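Visitor: I'd like to learn how to read a fold from its coordinates. Could you walk me through it?

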Amino acid sequence: MPTTAEQLLSALEPLPFPARLTLTAKTARRLADEGQLAPLLADLDARGPYERRIAALAATAGRDADYLAGRLADLDPVVAGYALRAARVLSVPDEAVEAAYDDAPAAVRHRLARLLAAGGRTAAAERMVVRLREEWGDGEAARLLPACSPAFVAEHLPELAHAVDTWTRLAVRHPDPVLDHAEAALADRAGGRQRENWWRLHATAVAALAPLRPLRVLTLLERCGPDSLPSALVRSLGPLVAADAERVIAWITSPHRVERRYEPLPPPGVLSRLVKAEPVSLPLLGRHWLRRDRHFAALLKAMAPARRPAFLDAVATAGAHREPTLAVLELLPRERRWEEVRRAAAASTGEPSDWWDDLDTLAHGPFAEARTALLAAVRRPDADEREAAWPLLVACAARDGGREAMGEMLEAAARLRNEQEPVRTAAVGALAEVHPRLFRSDDTALLDRIAADALEARDGSARGRTTVRTLAERVLAEHAADGDAALRDWALRTLERIAGRTGTPDFGPLHRVLRRGQEHEVFAALRPWLDSAAERADFRLLLGLARALGPRARKMPELQSMLAVALERGDDETFEAAAGLWTAAPATRDERVGRIVALEPSAVVLGPLRRTLALRRTDLLDTLLGDAPPCGRFLVRGARRPLPDLSVSGRWLPRQQEAAARLAGRTAADVSLPLDERAAAIRAAAPIPGLGHALAMEHKDDPDVVVAEAALGALPWSDRPHDALPALLDEAGTDRARVAVYAAGRAARLTPPSRLRLLLLALSAGARPAKVTSRKEAARLTARFLPPRQAVDLLTRAFHSSVRPPGRSGRRGPRPAAAAR
C-alpha cells in the first residue's frame, strides 16, 4: 500500500476513475489510523489541481477536519465541495465556517449558506445573520434564516421578510413564525390585487405548511384566502382534507370566491381522501363541479362503483342546474347506465343538430339496441362523421364483450380497405383501446385483414401504422403465454409486416406494456425468428426487440448473449447499435466496454463508449487521446478524432488532460475548419483544469471574430474564472465588449470582493477606456457583488467622474443610489 504522495500517484496512474477513488480512500483511512496522513496531504496540496483534489478526497476519507476546515472557501469548486460535504458530518468548528466568509466571492457565500442551512449550526447561523446584514445587506442575511432558532426567526422575520427568497424551506423549518408573518401580512392587505399578489408569491410556502399545521392553514384560507385556487394549494389539499373535510369543501364552494375559467384539478389521491372522509357536504361539491366535466368525473371516479348512483341522486336532489349523469355514463354500473341511456333516448327530440350527442349516449347502452344506429353512422356520407362514429361502435361492442357483438363489429371493420386514412386510423385506434382478452382465435382472420388493409393502404400514414403496432403489441402482451398461438402469431406477423414496410422493426415501448416476467415469454416466442435472422447476419429484429424491452433487456442473459454475437458478426451500423444496448446496464457497463475496445479499438470514437470512457473507464482514454489515432472500422486514416466529454475532464489524469487540450487546440488553430467548429472546440475545452483557461487566453485575440468571442465567452467557464476577469474587463473599450463584459458577470461571481473592487474601480472611474454600456454593466456588477458600503462609495466616485463640465451636452452617468438598488 502506498505511503507517500509519489507512491500514491504512481499507484493511481493505471486505474480507472472509480478505482482511483477507492484506492485513495483506503490509503487515507489506513494512514489516518497510523497517524501519517498529514504529510501526504501537505505534499499533495503543494502540487497542481489534480493532486489537490486527491488531497481533499483523502482528507475526507481520513476524516481530517483540520485540513478541510481551511478549504471551505477554496476557489477550486471540487476541493471546496469535498470540504463542504465533510463539514456536514465532521467536527469542523463553527469558527472555521465563519472565517470562510471573509472576503468570500458570491458563489462561495452561497455554498456556505447552504452548509449552514443544512442545520446543526444554529448559533453560528444566528451570528452570521447579524454579521451579514451589517456587511452585505438583508438578502445575504435572510438566506440563513432557515438555519436559525424559531425564536430568532420570529424576532427578525418582520424586518427581513422582503429579502427572503427561500420561503418554502423557511416554512418547513419554522412553520409557526412563517404563519404568524403570513397572518400579519394578509391582515395589512384588505383584498384585491395586493392580496392576490401575496398569494401568487407565497402559495408554494403555504402548501408546504399544510402537512405541518393543517388547521392553521385552513383558518388562513378561510379568513384571507385567494379568490381563485392556486395550483400549489390544490396539490396540497390532502392534509387539509384529513384535518377537516367539511371546511375544505366549504372553502372550495364558497360563493365569495371568484372561479377562474381553468381551475386546477385536484390529484386523484386528494379526491380519494375526500371521498373516504364521507363529509355530509360532498354532494354540494359535486353540484359545484357540475360545470367542470373533468372535475366532476374525477370526483365520481374516486368513489367505489356501488356508491356512484346514490351520489348522483344526491347531487340531483341538491338542486343541480344540469343533468349530472350523461357526462359520466362511462363510470356508472351497467344497469344504471343502461337505464339512463334508455331514459335519454326516450326524451330525445331527434333534432339533426343533436345527432352526435344522441349517438354518443346511445353507444353507452346495450349493443343490441344501439347496433342499428351505430352501423348506420359508420356508413354516413360525411367522412368526419364516420371518423367520429367508429370509436363509438368499437367501444359499445367492447363494453358488451359478447362474441356476437365483437364479431359483428370486427366484420364491419374488415370493410375499411377503401376508407379514407383518417377514418381507418380512428377505427384501428379504437380497436387498440379494446382489452385484448376480448379477442379470440376465431378473430385472427378479421384482425389480419384489418391490419393488412391499414398497412397496404395507398394513403397510409405513420399515425396509422402506429395504431396497428399498438394493437399488435397489446395482443402479443396478453396472449404471449396463454396458449393462444393463433393470436400470438398474428401479432408477430403484424409486427413483421410493419418492419417490412418501414425497414426497421418497431415494437414500441414493450417494457411499458408487458406484465412483469412476460418479456421472457415474448423472447421465447420470437426466438426461432431471431435465430433464423442471425444465421443471415440480420440483427434488425434483435435490436428492435432489445430497444422495445428497454431496462428489462438488461436482465435477460440469452438476449444479451445474442447482442454480443451481433457485435462480432454485424455490420458497422449493427455494431454501434448493439454496443449501446449491450453496455446499457450500469452493473456490467465498465467490463463490457473494455471487451468492446479489445475487440475493435476504433470503437472508442462511438458515442456510448466515449461517454463511458470519459466518466469511468478513464484507463482506456489513452486509446482515444494518444498520439496515434485508433484507426479502424469507425475511424478512417486521416479523419479527425471526436473528443470525449471535456466537461468531466477533472476525472482524468494530468497527461490525459494535456492530450485532450492539445487535440482541442489543434482544432481551434486549424483555419481550414469552419469557424463554428473551431469556436466549439474552445468552448468545450474550457473546463479542462488549467489548460482550458490557457487555450481560451491564447485565442481571445484571434483575428476571426467568432473564434475570439468564443474564447472570451469560455474564460469564465474555466477552473480559474477569477484570473480571467482582468482580461475580460480589458476588452470593455473594444468591439469585443459585447461578449467580454457580460462574461465578466460570471467571473465576478467567483472573484473575491477585495480584488473585484480594484478591477471595477478602474473601469467605473474611467481609468480604463470603456464604452458607455460597459460602464453601465460595471455599475451593475458593483451593486451586485460588492458590499453595499463599498458599492455606494465606488459608484459615487464613478458618478462624479462621469459628470460633464457645465456647458457640455450629454447625459450624466448612473446615479449611485439607483445603481446600488
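Visitor: Let's start with helix H3. What covers the buried residues of H3?

Guide: Bear in mind that this is a predicted model. Among the elements that cover the buried residues of H3 are helix H1 (5–12), helix H2 (17–34), helix H4 (49–61) and helix H5 (65–69). The residues being covered are Leu 37, Leu 40, Leu 41 and Leu 44, within a helix that runs over residues 37–45. Look down the axis of H3 and these buried residues fall within an arc of 95 degrees, so they line one face of the helix.

Visitor: And Arg 52, is that buried or exposed?

Guide: The cut-off for buried is under 20% relative accessible area. Arg 52 has 18% relative accessibility, so it counts as buried. Arg 52 sits in helix H4, and its side chain joins that of Asp 45 through a polar contact of 3.3 Å. Leaving out residues up to four places away in sequence, Arg 52 touches Leu 44, Asp 45, Arg 47, Arg 71, Asp 74, Asp 76 and Val 79. Leu 44, you'll recall, is one of the buried residues of H3.

Visitor: How should I think about the nonpolar core?

Guide: The general idea is that in soluble globular proteins, nonpolar side chains tend to be buried together. Here, the largest nonpolar core has 221 residues, and those touching the most other members are Leu 72, Trp 390, Leu 393, Leu 431, Phe 439, Leu 545 and Leu 559. Helix H26 (residues 383–400) gives the largest share of this core, eight residues. There's also a second, separate core of 33 residues, which includes Ile 682, Leu 725, Leu 759 and Ala 778.

Visitor: Can we zoom in on one member? Which residues is Leu 545 in contact with?

Guide: Setting aside neighbours within four places in sequence, Leu 545 is in contact with Phe 507, Leu 510, Val 522, Phe 523, Leu 526, Leu 530 and Leu 559.

Visitor: How do I check the length of a helix, say H39?

Guide: Compare its end-to-end span with the one expected at 1.5 Å a residue. Helix H39 (residues 654–669) has 16 residues and reaches 22 Å from its first C-alpha to its last, close to the expected 22 Å. Its buried residues include Gln 656, Ala 660, Leu 663, Gly 665 and Thr 667. The buried residues of H39 pack against helix H38 (621–625), helix H40 (675–685) and helix H41 (691–699).

Visitor: And the whole chain? How many helices and strands are there?

Guide: The chain has 48 helices and zero strands. Of its 821 residues, 51% count as buried. The C-alpha atoms fill a box of roughly 90 × 75 × 70 Å along the principal axes. Among contacts with a separation of 6 or more, 65% are between residues 24 or more positions apart. As for the surface, the chain exposes about 38100 Å², with carbon and sulfur atoms supplying 51% of it.

Definitions and conventions. Residues are numbered from 1 along each chain as its sequence is written. This is a predicted model: local features need pLDDT of at least 70, side-chain atom pairs count only at pLDDT 80 or more; totals for chains, interfaces and linings use all residues. Side-chain values use heavy atoms; hydrogens and water are left out. Buried means under 20% relative accessible area, exposed over 50%, partly exposed in between (1.4 Å probe, protein chains only). Helices (H or I, at least four residues) and strands (E, at least two) are DSSP runs, numbered from the N terminus. The arc is that of the directions from the helix axis to the C-beta atoms. Contact means heavy atoms within 4.5 Å. A nonpolar core is a set of buried Ala, Val, Leu, Ile, Met, Phe, Trp, Tyr and Cys residues joined through side-chain atoms within 4.5 Å. A polar contact is a pair of N or O atoms within 3.5 Å; within protein, one must be able to donate a hydrogen and the other to accept it, and residues adjacent in sequence count only if both atoms are side-chain atoms. Accessible areas come from the Shrake-Rupley method with a 1.4 Å probe; for residues, only the protein chains shown count as cover. The expected span of a helix is 1.5 Å times one less than its number of residues.
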